[in-house]
Amino acid sequence: MNEFAWAYTFMLTMILLEVGILKYVQGRDIRWREAISNLNSGHLVMLMFRGLEIYAFGLLFTYCSLHWVDQWPVIWQWIFGFIAWDFCFYWMHRLHHKIPVLWAVHYVHHQGEEFNLTLGVRNSWYSSLTNFPFIAWLAIVGLPLEIFIVVSSIHYTVQFYNHNAIVKKSGILDRLLITPANHRVHHGLDSRYVNKNFGGTFLWWDKLFGSFQAHEAHIDDRIGLKSGMPSYNPLLFNHRPLPVFVTRIFPGIKSWRTTDLPENFIGFCGILLFVISIYYVNLQGSTTSLIQWSFFSWVLLATFFIGGMSDKKLWGLVGWIAFCVLFPTYSLVFLHHSQWQLLICFSLLMVSALKGIAHLLQNRQRHEC
Ligand SMILES: [Zn+2]
């Protein structure tokens with residue numbers, strides 16, 4: 001087994017152990033629908049983005065690093081990495097509660113209403129992407145990739161442990177570290193618990209920056225969000241919050257319509273997609289089935305977006321713009337497909353993305369007038 005498979009096996013073993021204790025020792029009911037939706041929000045898609053995060057960190061370290069930290073004695077590199085990562089996590093987490101579009105991502109973790117290890121796995125599929133800008137500077141100052149991977153994995157393991165439902169109090173550690181009691185406060189519904197204890201491993205950041213709140217026995221410690229659990233389907237609960245919070249930042253967006261998308265723009269996009277489909281058909285038998293399936297999924301998704309644009313839906317245009325940027329990135333960076341025909345096609349996709357963005361901006365100005 002590789003290291004990711006070992007990590008997943010370890011998590012599943014701990015989760016089953018906790019379930020066993022909760023059910024057979026403490027006689028508590030297990031809310032399986034919630035527990036499974038937690039796990040389903042935290043496995044393969046999140047792992048893929050974690051892989052992307054590590055890859056991007058490596059690229060930054062290789063091409064953009066100032067190489068300060070990697071000149072230090074190794075022990076100091078490790079100590080710096082361990083503390084600096086936790087510092088970055090504190091601010092990353094705090095700002096994910098503060099900035100609406102980041103909260104739309106982190107919100108998924110807070111939807112959980114049962115405090116247990118599966119909640120530690122529940123995270124938005126996109127959390128690694130929105131976390132990255134906060135940890136990227138570690139690569140810039142020269143923290144080696146292997147130290148980054150190990151220290152972040154240790155901190156994530158501590159965070160996973162901090163969601164367990166078995167350990168209520170941790171003695172002196174409750175005053176030094178983020179423990180299950182301290183982290184339960186962070187998930188609390190009570191107004192005295194809201195926006196407290198953002199730390200990951202060390203408690204001192206919360207004490208230093210004024211966000212610490214001790215767990216107190218007399219405060220109701222139910223967890224979750226006032227809006228409740230909207231769905232148990234990861235595909236829905238990972239995406240629903242985003243339009244809600246985007247609408248909050250741009251209230252005018254509700255009135256946006258793509259009613260006047262020119263016919264020839266739709267035609268241009270449709271023909272481009274058809275050319276990509278021909279490339280896909282031509283791949284049959286000459287590449288792995290995984291690549292074929294991934295191409296098929298992209299084509300299917302783009303078909304859906306063009307349909308949305310044709311029906312004058314804003315999401316159709318936004319989705320198409322995202323496709324025009326992400327699909328070439330995927331093909332070039334991950335598959336190394338760079339035949340000249342594809343490169344021409346990708347350039348035309350970029351042109352269509354820019355035209356789409358220009359249309360969005362024009363549309364917005366019209367509604368603001
Ligand atoms: Zn949080």
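Me: Before we get going, what does buried mean here, in terms of relative accessible area?
Reply: Buried means under 20% relative accessible area, whereas exposed means over 50% and partly exposed covers what lies in between. The model is a predicted one, and by that cut-off Glu34 counts as buried because its relative accessibility is 2%.

Me: OK, and which residue forms a salt bridge with Glu34?
Reply: The partner of Glu34 is Arg31, with the closest N and O atoms 2.9 Å apart. Arg31 itself has 34% relative accessibility and therefore counts as partly exposed.

Me: What else does Arg31 form a salt bridge with?
Reply: Arg31 also forms a salt bridge with Glu113, where the closest N and O atoms are 3.1 Å apart. Glu113 sits in the loop between helix H5 (100-110) and helix H6 (117-121), and Arg31 in the loop between helix H1 (3-25) and helix H2 (32-42), so this pair ties together parts that are 82 residues apart in sequence. Glu113 counts as partly exposed, at 25% relative accessibility.

Me: How many salt bridges are there?
Reply: The count comes to seven salt bridges. One of them joins the side chains of Glu53 and Arg50, at 2.8 Å from N to O. Both of these residues lie in helix H3 (residues 44-64), three residues apart, which is about one turn of the helix, and both Glu53 and Arg50 are buried.

Me: And which residues do salt bridges with shared partners join into one network?
Reply: That network is made up of Arg31, Glu34, Glu113 and Glu114, which are joined by salt bridges that share partners.

Me: Switching to helix packing, at what angle do H4 and H7 pack?
Reply: Helix H4 (residues 74-98) and helix H7 (residues 127-140) pack at an angle of about 145°, and their axes are 9 Å apart.

Me: Is that crossing of H4 and H7 left-handed or right-handed?
Reply: The crossing of H4 and H7 is right-handed.

Me: Which residues meet there, between H4 and H7?
Reply: On the H4 side the residues are Phe80, Ala84, Trp85, Cys88, Trp91, Met92, Leu95 and His96, and they meet Thr130, Asn131, Phe134, Ile135, Trp137 and Leu138 in H7.

Me: New topic, backbone angles: what is phi of Asn197 near?
Reply: Phi of Asn197 is near 50°, a positive value in a residue other than glycine. For context, most residues other than glycine have a negative phi. Asn197 lies in the loop between H9 and H10, and it is buried, with a relative accessible area of 0%.

Me: What about phi of Lys312?
Reply: Phi of Lys312 is near 65°, and here too the value is positive in a residue other than glycine. Lys312 is placed in the loop between helix H14 (289-310) and helix H15 (314-334), and at 46% relative accessibility Lys312 counts as partly exposed.

Me: Last one, how far apart are the C-alpha atoms of Val246 and Ala104?
Reply: The C-alpha atoms of Val246 and Ala104 are separated by 8.3 Å, although the two residues are 142 residues apart along the chain. Val246 belongs to helix H12 (residues 241-249) and is partly exposed, with a relative accessible area of 23%.

Conventions
Residues are numbered from 1 along each chain as its sequence is written. This is a predicted model: local features need pLDDT of at least 70, side-chain atom pairs count only at pLDDT 80 or more; totals for chains, interfaces and linings use all residues. Side-chain values use heavy atoms; hydrogens and water are left out. A salt bridge is a side-chain nitrogen of Lys or Arg within 4 Å of a carboxyl oxygen of Asp or Glu. Buried means under 20% relative accessible area, exposed over 50%, partly exposed in between (1.4 Å probe, protein chains only). Helices (H or I, at least four residues) and strands (E, at least two) are DSSP runs, numbered from the N terminus. Axes are lines fitted to C-alpha atoms, for helices over the stretch in contact, and angles run from 0 to 180 degrees between N-to-C directions. A crossing is left-handed if the near helix is turned anticlockwise from the far one by less than a right angle, and right-handed if clockwise. Contact means heavy atoms within 4.5 Å.
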